[in-house]
There are 2 protein chains.
Amino acid sequence: MKGNLLYGQSGGPTTVINATAYGVIKAAFASEEIEEVYAMRHGIMGALNDDLIHVNKLSEEQIELLPKTPGAAFGSVRYKIANAKEDETDYVRLLYIFKKYNIRYFLYNGGNDSMDTCYKISEYMRKVDYDIKFVGLPKTIDNDLPFTDHTPGFGSAAKYIANTIMEIHYDMIAYPKGKITIVEIMGRHAGWLTASSAIASLSGYGPDLIYLPEIPFDIDQFKQDVQRVYEEKEQCLVAVSEGIMNKDGDFISSSSALKDAFGHFQLGGVAPKLANIIDSEMKYKARSIELSTIQRSAAHLQSLTDVTEAIEVGKRGVAVALDGESDVMITMKRKDQKDYEIEYTSHPLKDVANVERVVPKHMINKEQNGMTQEFFDYVLPLIQGEYPSGFKGGIQQFSTILKNS
Amino acid sequence: MKGNLLYGQSGGPTTVINATAYGVIKAAFASEEIEEVYAMRHGIMGALNDDLIHVNKLSEEQIELLPKTPGAAFGSVRYKIANAKEDETDYVRLLYIFKKYNIRYFLYNGGNDSMDTCYKISEYMRKVDYDIKFVGLPKTIDNDLPFTDHTPGFGSAAKYIANTIMEIHYDMIAYPKGKITIVEIMGRHAGWLTASSAIASLSGYGPDLIYLPEIPFDIDQFKQDVQRVYEEKEQCLVAVSEGIMNKDGDFISSSSALKDAFGHFQLGGVAPKLANIIDSEMKYKARSIELSTIQRSAAHLQSLTDVTEAIEVGKRGVAVALDGESDVMITMKRKDQKDYEIEYTSHPLKDVANVERVVPKHMINKEQNGMTQEFFDYVLPLIQGEYPSGFKGGIQQFSTILKNS
């Protein structure tokens, strides 16, 4: 079907979401069906505001730098679209925009919430009989999307976390008597990123203890664990997920909890809280480190595997839309565990929306404070290879779309 | 003079202190005068405890990986040696150790305090007529040692900070309405590292406001600055030194201040404090990010210039000692500003100890919240080139001396 393509980014940035954008753009440019490529500025908000970036008019440099650019080069958004049965306003507006720009392919790049948005819009357009293909492109450092072996963005974040934990560990042991160092890692309900700190252990400089949100956090057990490690080593490195909860399901960080537009808690501050407990109740010196937004934006340390797959996901998104598929998310299937190889497939969007995939029990050790070999087998292929960063004069070069177009 | 060399590391780790160790070891191995090379485990404590690492017995891999290894591969320490006039205990012990191992060359790698330690020991050995050469090797991410153009360790930390600030900035602008993001950077009294965040501006993604410890911090001016930027851009990125003080000389973070063995305050926590003020008093959403120990241990993002110079500083240290010089610190002189070139010189230790070199006024803009061209001219040569990280299977390879020897 001849027509134009509209691409958008949504949710928390990753270092490879722009690599997926690159894949989409390259595939769309190569297609004879797709005439013009547009991108929403700040996701669905850009469409609602008639604020589209005409991708065909971007410079070659702006496009070629995309795979090395973190954040969301076209702008992201957290906007919860209303249920069409209750309020059609946004949908009517989108239909107008789709017609105005003759949009026939809609590719939305995001996490669970974005897949939900995509599916809702698709349902409406089907109802009003507007001919358009909807394809979801997975993206999240949290690795919590279902029906896919993993998500683009996770591998690079995992690689950054593993290498940074090694560095923090090596720095910590410089002194004869170290502190208790508690590193807080992103992951609201899924502990994939916190688990990835375990990779550092392969170098000998990993965390001594790891606490995932999948396991109810027991403060007394935590204190016992820390005491045992400190008595043996005179120092202790702890990796903890921002989303750990007690057995009643209350976030450990909840005193400062705020909800975002989707009703999710905005977390952070677990590590300082635990450090304070160790300091005041156990009388050990403690230091807290939050990896903060750096863990999802460290473009200078991307996994080559991750970038390559992210580009491919974008290309496959265009391909399946051109093949006439709609209402699917591109997924990745691991064909073979021994020789890592990915098969790109797709899965109905309506199954994906708002389902979270967490770390399975068999990847967590029996003490519930570390990872098993199954986890290493799963995660290691995803961090392989270093994607070359675009340094010039000592600093990276990023695509300037958001600022200049 | 035939004899053995004793090398030690002291003070806060950097990503290139082990590169200097590498230079020392290579030059010592190449010398006919120096028979054996020893390193103190955890600096001067290792000497006092007769806990020396016999460097000649390390594996080739343990030595060759040193320039890529962060932290302090032989162990560091913060130990204030007594004044010999008051308490000779440590000095008597050191004389015994020096004689036991026939130490004739003593190379100590550290910052201001380490130079002071080195000079005190030298004075004592001269008094008791023990023939030994003392050479200080500069090292500090803070760049606050006098009589040298800059210090090894600063360039890599500056490079990490500049690139990380770019990434944080690009991540921040992903959303249409950003937060006030406050990034806290190390530097107790000297703002060199915080100033280096300005390098990110060359990419278009730098901090909007920079506050150095050299300038008395005025909270009302800060709030005005933030308000002005936010009204224009709907977001604001602030880089702030951990050591900012008000006009009365009190640390902004002082409520949680603790002193270390040298009487220095242990800082941290300025950014959360300022974020809290913005949140509660100005009603803007604010986020704080502390670069923490990662900024001094990010071995995966070393400046090639810095690593090269750090190795050379180690080699020169051995060379001047062999030439018969003593009681000096190796220094670097910038021969020419246009074509950056360094001449290695030396300066008497007794002038260096406990003097701090801060950012000069002409490098700070007149609004006192940013840097001038003079600063860029100074700093840019120091971050040039990327030293190749030793990735294997997705993670770095570090020298294992501390753990295994």
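Tutor: In this predicted model, helices α1(B) and α11(B) pass each other in a right-handed crossing. Helix α1 of chain B covers residues 17-30, and helix α11 of chain B covers residues 304-322. Two packed helices are described by the angle between their axes and the distance between the axes. Here the axes come within 7 Å and cross at roughly 40°.

On α1(B) they are B:Ala19, B:Thr20, B:Ala21, B:Tyr22, B:Gly23, B:Val24, B:Lys26, B:Ala27 and B:Ala28.

Chain A holds a corresponding pair. The axes of α1 (residues 17-30) and α11 (residues 304-322) of chain A come within 7 Å and cross at roughly 40°, which means that α1(A) is oblique to α11(A). The crossing of α1(A) with α11(A) is right-handed. Among the residues that make the contact are A:Tyr22 and A:Lys26 of α1(A), together with A:Ile311 and A:Glu312 of α11(A). Its residues divide into 12 nonpolar, four polar and three charged.

The two chains are themselves related by symmetry. A rotation of 180°, with 0.0 Å of shift along its axis, superposes chain B on chain A with an RMSD of 0.0 Å. This is therefore the relation of a two-fold axis. In chain B, the C-alpha nearest that axis belongs to B:Glu290, at 3.7 Å from it. Both copies use the same surface, since 100% of the contact residues of chain B recur in chain A.

As for that surface, 54 residues of chain B are in contact with 55 residues of chain A. The elements of chain B that give two or more residues to its side are α6 (154-172), β11 (286-290), α10 (294-297), β15 (395-396) and α14 (401-404). The largest share, nine residues, comes from α6(B). By class, the side of chain B that touches chain A has 28 nonpolar, 19 polar and seven charged residues.

Finally, there is the division into domains within one chain. For chain A, the domain assignment gives domain 1 (3-152 + 300-355 + 385-404) and domain 2 (155-297). The C-alpha centres of these two domains of chain A lie 32 Å apart. Their contact takes 21 residues from domain 1 and 18 residues from domain 2. On the side of domain 1 of chain A that touches domain 2, six residues are nonpolar, nine polar and six charged.

Terms used
Residues are numbered from 1 along each chain as its sequence is written. Chains are lettered from A and ligands numbered from 1 in the order in which they are written. This is a predicted model: local features need pLDDT of at least 70, side-chain atom pairs count only at pLDDT 80 or more; totals for chains, interfaces and linings use all residues. Two residues are in contact if their C-beta atoms, placed from the backbone, lie within 7 Å. Helices (H or I, at least four residues) and strands (E, at least two) are DSSP runs, numbered from the N terminus. Ala, Val, Leu, Ile, Met, Phe, Trp, Tyr, Cys and Pro count as nonpolar, Asp, Glu, Lys and Arg as charged, and the others, Gly among them, as polar. Domain bounds come from an automatic or database domain assignment. Copies are superposed by least squares on the C-alpha atoms of residues with pLDDT of at least 70 in both. Axes are lines fitted to C-alpha atoms, for helices over the stretch in contact, and angles run from 0 to 180 degrees between N-to-C directions. Angles under 35 degrees count as roughly parallel, over 145 as roughly antiparallel, 65 to 115 as roughly perpendicular and the rest as oblique. A crossing is left-handed if the near helix is turned anticlockwise from the far one by less than a right angle, and right-handed if clockwise.
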